[in-house]
Each structure stands twice: as C-alpha cells, then as structure tokens.
Amino acid sequence: MDNRTIIDPQRFSVKFAQVAIMNNFKNDELAKEAKRFLLSYLTAYYLVGDFNAIEKENFGTANTEKFKDMSFDELLKRVSELNKY
C-alpha cells in the first residue's frame with residue numbers, strides 16, 4: 001500500500017482543461033479525452049519510474065559522478081559499457 005500513486009486532482013484538472021481548450025475538445029468528448037490524458041500521464045509516469053530504477057541499478061552508488069559533470073566522451077564510454085549486445 002505504500003507504493004500508491006497519488007495525483008493532485010487540482011493540478012491534473014487544470015492542465016487537462018488547458019489542453020482541452022487548446023485542442024477545442026467538444027463537450028461530448030471531454031470524458032473520453034480526460035481518460036486518454038490520464039492514461040498518457042500514468043504511462044509516462046511509470047515509464048520514467050522504470051527508467052530511474054534501471055539507471056540507479058546500472059550506475060548505482062559506486063560511481064557518484066553525475067552525467068552533467070561528464071565530458072561527452074566519458075558519457076559515450078559509459079553508455080557503450082551498458083550496451084553490450
């Protein structure tokens with residue numbers, strides 16, 4: 001139960017309303033589009049979570065060097081070490 005995803009309803013609703021206005025959603029499309037918006041949000045949210053977990057596993061705490069501090073060549077070397085296929 002500790003890993004529940006909580007979405008701030010006000011922030012989500014405001015963002016959806018902005019998108020709905022920008023895209024001129026018709027009134028009879030709002031519920032369908034809100035569901036699609038929520039699905040998109042949750043898909044991205046969980047994909048990012050999976051990515052972060054993999055990144056943490058691969059780069060762990062053994063190496064505390066941050067990507068932003070690496071040169072381009074160092075970053076390429078690190079990525080190539082991960083891609084052993």
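Okay, so helices H1 and H2 count as oblique to each other, because that word covers whatever is left once you take out angles under 35 degrees (roughly parallel), over 145 (roughly antiparallel) and 65 to 115 (roughly perpendicular). Quick caveat: this is a predicted model, where local features need pLDDT of at least 70, side-chain atom pairs need 80 or more, and totals for chains, interfaces and linings use all residues. Residues are numbered from 1 along each chain, and side-chain values use heavy atoms, leaving out hydrogens and water.

H1 is residues 9–22 and H2 is residues 30–59; their axes come within 11 Å and cross at roughly 120°. Axes here are lines fitted to C-alpha atoms over the stretch in contact, with angles from 0 to 180 degrees between N-to-C directions. Helices are DSSP runs of H or I, at least four residues.

Who touches whom? On H1 we've got Phe 12, Lys 15, Phe 16, Val 19 and Ala 20, and on H2 Leu 30, Glu 33, Ala 34, Phe 37, Leu 38 and Tyr 41. Contact means heavy atoms within 4.5 Å.

Now, the rings. Phe 12 and Phe 37 pair up edge-to-face, 5.2 Å centre to centre with 65° between the planes. Rings of Phe, Tyr and Trp (its six-membered ring) pair if their centres lie within 6.5 Å; planes under 30 degrees apart are stacked, over 60 edge-to-face, the rest tilted. Since Phe 12 sits in H1 and Phe 37 in H2, this pair ties together parts 25 residues apart in sequence.

Phe 16 and Phe 37 are edge-to-face too, with centres 5.4 Å apart and planes at 65°.

Key
Helices (H or I, at least four residues) and strands (E, at least two) are DSSP runs, numbered from the N terminus.
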